[in-house]
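Here's a quick briefing to read alongside the model. Have the sequence and the 3D view open as you go.

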Amino acid sequence: MQFTGTAPLLVFGGPYSNREAVLALRAEARCLGIGADRIICTGDTIAYCADPEETVALIRDWGVHIIAGNCEEQVAARAADCGCGFDDDTTCNVLSKGWYPYANAHVSDASRSWMATLPTTLRFNYGGASFRVVHGGVTRINKFIFASEAATLASEAASAHADVVIAGHMGLPFIARTGRQVWFNAGVIGMPANDGTADTWFGLITASDDAVKLETRRLSYDFHTAAARLRRSGHANTYARSLVTGLWPSLDILPEAEQLATGKRLRPKSLVFKRTGSSRHSTVNAAAL
Ligand SMILES: [Fe+2]
């Protein structure tokens, strides 16, 4: 995969069967003037929400670059569970027995075949930096990588052999330096980020003559319709509530630091790689809302 010029790239994860969120991001991309050939999705087209087949159709019609998440892998294989790797006794595992069978049953054979064709990783160069796109971790598709777990983050990044790792899966947006590398989770568009707001998240990457900027951005969308459709489908009322409250139904997967951030409004973040000759320095900024 190659990107020429310095026009921005848009990255996002986790459409999660949320048709309204995909429609909103398509509109946002149009406003930003970013075409499908400069947009990357980190996978999990289908999951919790009401419209698996319609969401796949919207993503395919859009024509963005996309890798497989664990959900595409499992549905393509007609597997019995979501492959998230939840422990048996967790609430996430119990809830997955509601949404996964629904998602698995509501995709066409054509969509299943498309999922089977998706790559599991992508590499590209842009603005003088090398990028690697993965779903969860570099070493495992369903690995949850958190900003607060520095050692795991460093180890996974070192395996990527790239300046920047773009990842999804985990559901919370963050940008973290680890040594000379950066881990960039652009968040997911199909479910809020447990910050007490209904907005979801995507990312932008913009090159200039001497720098590359990474940003996380909010996506406002018609969550009332998404939640109403999910309630009508009857398979995941707990997640329908999350679409409105912005709070996850379970904190099972989260380390303590991320648990403590529950309900605290996230701020968009940015990080700039500044290149000076052959060296590269980065600064992290929190942009005001
Ligand atoms: Fe995933």
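For the metal site, donors are N, O and S atoms within 2.8 Å of the metal (3.2 Å for Na, K and Ca), and since water is not among the atoms, sites may look incomplete. With that in hand, the iron ion is coordinated by Asp44 (OD), Asn70 (OD1), His135 (NE2) and His169 (ND1), at 2.1 to 2.2 Å. Keep in mind that this is a predicted model, where local features need pLDDT of at least 70 and side-chain atom pairs count only at pLDDT 80 or more, while totals for chains, interfaces and linings use all residues. Residues are numbered from 1 along each chain as its sequence is written, and side-chain values use heavy atoms, with hydrogens and water left out.

**Iron site**
- The 4 donor atoms subtend angles of 85 to 144° around the iron ion, so the arrangement comes out as irregular. (Four donors count as tetrahedral if all angles lie between 85 and 135 degrees; four count as square planar and six as octahedral if opposite donors are over 155 degrees apart and all others between 65 and 115; anything else is irregular.)
- Along the chain, the donor residues follow the spacing D-x25-N-x64-H-x33-H.
- Asn70 sits in helix 3 (residues 70–76) and His169 in the loop between strand 6 (164–167) and strand 7, so this pair ties together parts 99 residues apart in sequence. (Helices, H or I of at least four residues, and strands, E of at least two, are DSSP runs numbered from the N terminus.)
- Asn70 is buried at 2% relative accessibility, and His169 is buried too, at 6%. (Buried means under 20% relative accessible area, exposed over 50%, and partly exposed in between, with a 1.4 Å probe and protein chains only.)

- An open sheet of 5 strands runs in the order 4-5-6-8-7, with mixed pairing. (Two strands pair if DSSP finds at least two bridges between them.)
- Strand 4 (122–126) and strand 7 (174–178) are at the edges with a single partner strand each, so one side of each has no neighbour in the sheet.
- Strand 4 pairs with strand 5 (residues 129–133) in the antiparallel sense, over 5 bridges.
- Asn125 has Ser130, in strand 5, as its bridge partner.

**Cysteines**
- The disulfide count is 0, taking a disulfide as a pair of cysteine sulfur atoms within 2.5 Å.
- For Cys31, the nearest cysteine sulfur is that of Cys41, 20 Å away; Cys31 is exposed, with a relative accessible area of 69%.
- For Cys82, the nearest cysteine sulfur is that of Cys84, 3.2 Å away; Cys82 is buried, with a relative accessible area of 4%.
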